[in-house]
Amino acid sequence: MIGTDNILNKQNNYLRFSSSRFFGNYNQVWQGYLDTVSFEQEGIKSKLRNLDKPCYIINNKGQIGVTNEGDWGNANNGKTEQMEMLIAVPPLTIQQLGDPTFLDFHGVKYAYFTGAMAHGIASEELVIALGKEKILSSFGAGGLAPSRIEAAINRIQQALKQEPYAFNLLHSPSEPAIERRTVDLYLQYQVRTIEASAFLDLTDNIVYYRAAGLSLNAANQIEIKNKVIAKISRREVATKFLQPAPIKILKQLVEQGFISELQATLAEKIPMADDITVEADSGGHTDNRPLICLLPSILELRDQIQSKFCYQKPVRIGVAGGIATPQSALAAFMMGAAYVVTGSINQSCIEAGTSQYTKDLLAQAEMADVMMAPAADMFEMGVKLQVLKRGTLFPLRAQKLFDLYKNYDSIDDIPQVDRDKLEKQILRKSLQAVWQETATYLAQRNPDKLSKAANNPKLKMALIFRWYLGLSSRWSNSGEKGREIDYQIWCGPAMGSFNDWVRTSYLAEPHNRKVVDIAYHIMTGAAFLYRIQSLKIQGLYIPDTYSQYRPVRFTKI
């Protein structure tokens with residue numbers, strides 16, 4: 001037997017076995033053909049990565065080898081060779097990672113989901129590419145006009161007949177009518193899965209969507225047609241989605257004729273969401289929460305609420321924010337995540353609705369190249385989002401606008417020297433010209449707000465500043481020439497982590513980054529690393545040259 005003190009080859013590039021860490025049966029025997037066992041580096045790598053088959057660690061006269069073939073037991077069954085088997089691990093498919101009910105419920109093959117990125121960054125092309133591979137993806141409907149969302153629904157539904165897809169419902173506290181119009185579209189076109197994000201509280205709109213899809217099937221069981229994946233980062237918000245819909249809102253919807261009495265009754269028996277995505281330190285809207293603290297807290301909260309309501313199908317808890325490598329995905333699964341969600345890394349892919357200039361910037365980003373900046377949709381509330389600071393002055397200029405808003409009550413109160421800088425450096429237009437464009441936009445989209453601004457100078461100032469904040473993200477997507485320094489690029493530190501991981505692989509180049517490839521490699525890498533850790537725990541020393549997972553170009557999943 002090879003023990004800690006009996007290592008035949010002490011070079012770091014060889015497998016070694018420590019018997020002091022092994023608590024299994026030392027009398028196991030492997031039976032098979034010696035030519036199926038690899039003792040050199042490339043062969044060992046290949047067999048460790050062959051996840052579809054078991055992996056046997058063999059001791060042959062003091063030399064450790066690896067094979068995926070043969071049998072093991074305590075007696076000779078007539079095979080040609082018979083050797084001591086040190087460790088055995090079973091096959092491990094990607095489908096075994098995460099909660100299997102997530103796969104069944106959404107009709108997908110991975111416990112992997114790509115979250116929505118607003119303004120169509122999570123584009124039709126991105127959703128369709130993943131959907132065709134049975135991977136769930138959410139279209140970035142936030143900030144888009146209803147007509148644009150409707151066009152996206154038609155295109156995605158034509159391309160994906162039975163395949164999975166989702167649409168984002170971004171909470172719009174300043175524009176509830178837009179939120180309702182979006183829900184109406186989803187109900188009209190029977191969009192069966194939405195990703196609800198940025199909600200501070202439940203609105204009648206999200207409750208309407210959820211309840212309108214409830215019915216009883218032939219077995220008198222509740223059938224949920226409208227699925228909700230809620231993205232949260234706070235316990236108080238998670239609680240609202242883990243519990244049934246508020247009775248007050250349900251009664252109101254019944255009185256208005258939007259849902260039936262039966263649907264209201266059924267809504268009181270199920271949670272508001274089927275899945276809750278715990279969002280840690282992510283791009284865009286984020287509370288910068290640490291995942292290792294946040295996920296256990298929400299899992300505990302889920303269990304408390306489940307024990308109270310005894311749902312037939314408990315709410316699944318997934319994670320987002322920082323998921324960019326096989327290591328981060330595996331860590332999430334090991335902590336109890338039902339599924340993982342990627343965001344920032346997908347916008348550097350060829351299918352994303354971002355400009356090539358933006359994709360190139362993202363591909364160069366490092367983990368420290370991000371910072372918080374004022375958000376356009378919740379500017380007056382002081383809400384911030386995480387953006388890329390490398391290659392753009394947007395975060396600094398956006399903060400300057402918020403400081404002016406905070407310190408003054410109207411545009412006229414701002415000192416002339418600061419107004420001149422606003423017009424020449426940031427807006428590149430006169431304040432009057434910006435207001436005229438803003439007023440024209442609001443006259444069509446939100447006339448009530450335009451009326452309020454006429455008598456509220458501070459609101460008018462906020463709307464002028466939001467002109468810059470709103471357009472800056474669109475400039476990034478369209479590749480507006482001459483405005484590169486003002487691009488608003490939503491990004492979390494995961495982008496830098498991803499770039500570090502793929503630096504020496506074909507995915508280092510933005511033109512090679514496909515969302516399906518990335519999903520495959522993150523999940524395959526996570527499964528591979530799980531196998532490596534299983535072997536290490538049982539006493540096998542594995543050099544880094546064997547245990548690293550780098551993306552290799554493939555032709556088919």
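Let's start with Arg466. Arg466 is buried, at 16% relative accessibility. Buried means under 20% relative accessible area, exposed means over 50%, and partly exposed is in between, with a 1.4 Å probe and protein chains only. The side chain of Arg466 meets that of Glu380 in a salt bridge, 3.5 Å from N to O. By salt bridge I mean a side-chain nitrogen of Lys or Arg within 4 Å of a carboxyl oxygen of Asp or Glu. Arg466 sits in helix H17, and Glu380 in the loop between strand E18 (370-374) and strand E19 (384-388), 86 residues apart. Helices (H or I, at least four residues) and strands (E, at least two) are DSSP runs, numbered from the N terminus. Glu380 is partly exposed, at 27%.

A word on the model. It is predicted, so local features need pLDDT of at least 70 and side-chain atom pairs pLDDT 80 or more, while totals for chains, interfaces and linings use all residues. Residues are numbered from 1 along each chain as its sequence is written, and side-chain values use heavy atoms, with hydrogens and water left out.

Back to salt bridges. The count comes to 22. Here is another: Asp486 with Arg397, closest N and O atoms 2.7 Å apart. Asp486 lies in the loop between H17 and helix H18 (494-502), and Arg397 in helix H13 (residues 394-407), so the pair ties together parts 89 residues apart in sequence. Are these two buried or exposed? Both Asp486 and Arg397 are buried. They also belong to a salt-bridge network with Arg428 and Arg483.

Next, Ser473, in helix H17 (residues 457-478). Ser473 is buried too, at 3%. Leaving aside neighbours within four places in sequence, Ser473 is in contact (heavy atoms within 4.5 Å) with His119, Gln488 and Trp490.

Now the domains. The assignment, automatic or from a database, gives domain 1 (16-90 + 525-546), domain 2 (96-355) and domain 3 (370-490). The centres of domain 2 and domain 3 are 30 Å apart, taken over C-alpha atoms. Their contact takes 25 residues from domain 2 and 21 residues from domain 3.

How many salt bridges cross the interface of domain 2 and domain 3? The rule finds zero. The buried area between domain 2 and domain 3 is about 1800 Å², and carbon and sulfur atoms give 48% of it. That area is the accessible area (1.4 Å probe) that two parts lose on being put together, summed over both.
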